[in-house]
Amino acid sequence: MPKPTRVTNQIRRLRFEHDEMTQAELAQRIGVTRQTIIAIEGGRYSPSLEMAFQIANAFDVTLDDVFRYESPEGATT
Amino acid sequence: MSNEEKGQWVYLVVFAVTYGAYLVIILGQLGQTAPADIDYIPVMLGAIGIGIVLAIVGRIVVGIAGGIAAEMAGQDDGQDADVRDRDIGRFGEYVAGTVLGVGMIVPFVLTLAASDYFWIANAMYLAFVLSAVVGAAVKVVTYRRGF
């Protein structure tokens, strides 16, 4: 069972919008394994701030467009 | 499954199996011979040595097999350890270190109580094995459940 995380992401949608970029291609761009992309996409691993920026850069979007944080109070940032 | 995760499975299985084999051999003698008279040292050193060799060989085989599979699939990912592997590795080693530290209390107490070398050595061996197995298990679970 995946570990619940309050960080949500739009990587799957962004990959689809970028010519159906594969997980392997994204992994190669930011220098990690495909398994790490799968874990991030599935919410099972929260990337470092640096990796989060690398992912956003790979899609040429801002960090907010990729990741969102839902606080315990319900506010989304 | 990344090579790093497969490697942890190798460690988990190898150390559990070699210790299990050691236990079977020693427990078989324990019922018939007094602990002080059991020639446990060659068996223990053998189990440790075989465990280390199997772990190294298993890890190499997993690496080579993973490389061949990636080559055949035309992918270059999943081979080298990345930041997630290192994060999981550090977490697993932290847990393993804690288990080893707590586990070493038993042989320490046995030494203070001037117990037989048999029990002290076996308590230390068990602490080492528990540390290795728990560390590998924590890494495997973390790979599966998330981190």
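# Helix talk: how do we know?

Tutor: Let's start with two helices: the axes of H2(A) and H3(A) come within 8 Å and cross at roughly 105°. The model is predicted: local features need pLDDT of at least 70, side-chain atom pairs count only at pLDDT 80 or more, and totals for chains, interfaces and linings use all residues. Residues are numbered from 1 along each chain as its sequence is written, chains are lettered from A and ligands numbered from 1 in the order in which they are written, and side-chain values use heavy atoms, leaving out hydrogens and water.

Student: Why are H2(A) and H3(A) called roughly perpendicular to each other?

Tutor: Each axis is a line fitted to C-alpha atoms, for helices over the stretch in contact, and angles run from 0 to 180 degrees between N-to-C directions. Under 35 degrees counts as roughly parallel, over 145 as roughly antiparallel, 65 to 115 as roughly perpendicular, and the rest as oblique. The crossing is roughly 105°, so H2(A) and H3(A) are roughly perpendicular.

Student: Which residues of H2(A) and H3(A) meet?

Tutor: Gln23(A), Ala24(A), Leu26(A), Ala27(A) and Ile30(A) in H2(A) meet Arg34(A), Ile37(A), Ile38(A) and Glu41(A) in H3(A). Contact just means heavy atoms within 4.5 Å. By class, the residues of this contact divide into 6 nonpolar, 1 polar and 2 charged. For the classes, Ala, Val, Leu, Ile, Met, Phe, Trp, Tyr, Cys and Pro are nonpolar, Asp, Glu, Lys and Arg are charged, and the others, Gly among them, are polar.

Student: In which hand does H2(A) pass H4(A)?

Tutor: The crossing is right-handed. A crossing is left-handed if the near helix is turned anticlockwise from the far one by less than a right angle, and right-handed if clockwise.

Student: What makes H3(A) "mostly covered"?

Tutor: Of its 8 residues, 6 are buried, where buried means under 20% relative accessible area, exposed over 50%, and partly exposed in between (1.4 Å probe, protein chains only). The buried ones are Gln35(A), Thr36(A), Ile37(A), Ala39(A), Ile40(A) and Glu41(A). They pack against several elements, including H2 and H4 of chain A and H3 of chain B.

Student: Why is Asp60(A) called exposed?

Tutor: Its relative accessible area is 71%, and the cut-off is passed, so Asp60(A) counts as exposed. Asp60(A) sits in the loop between H4 and H5 of chain A. Its phi is near 60°, a positive value in a residue other than glycine.

Student: Why is Glu20(A) called exposed?

Tutor: At 55% relative accessible area, Glu20(A) is over the line too, so it counts as exposed. Glu20(A) is in the loop between H1 and H2 of chain A, and its phi is near 50°, again positive in a residue other than glycine.

Student: Over to chain B: why is Glu4(B) called partly exposed?

Tutor: At 21%, Glu4(B) falls in the middle class, so it is partly exposed. This residue of helix H1 touches Arg59(B), Ala81(B), Asp85(B) and Tyr143(B), not counting residues up to four places away in sequence.

Student: Why does Ala96(B) count as buried?

Tutor: Its relative accessibility is 8%, so Ala96(B) is buried. Ala96(B) lies in helix H3 of chain B and touches Ser131(B) and Gly135(B), not counting residues up to four places away in sequence.

Student: How far does H3(B) reach from its first C-alpha to its last?

Tutor: With 21 residues, H3(B) reaches 30 Å, close to the 30 Å expected at 1.5 Å a residue. The expected span is 1.5 Å times one less than the number of residues.

Student: How many helices and strands does chain B have?

Tutor: Chain B has 5 helices and 0 strands. Both are DSSP runs numbered from the N terminus: helices are H or I with at least four residues, and strands are E with at least two.
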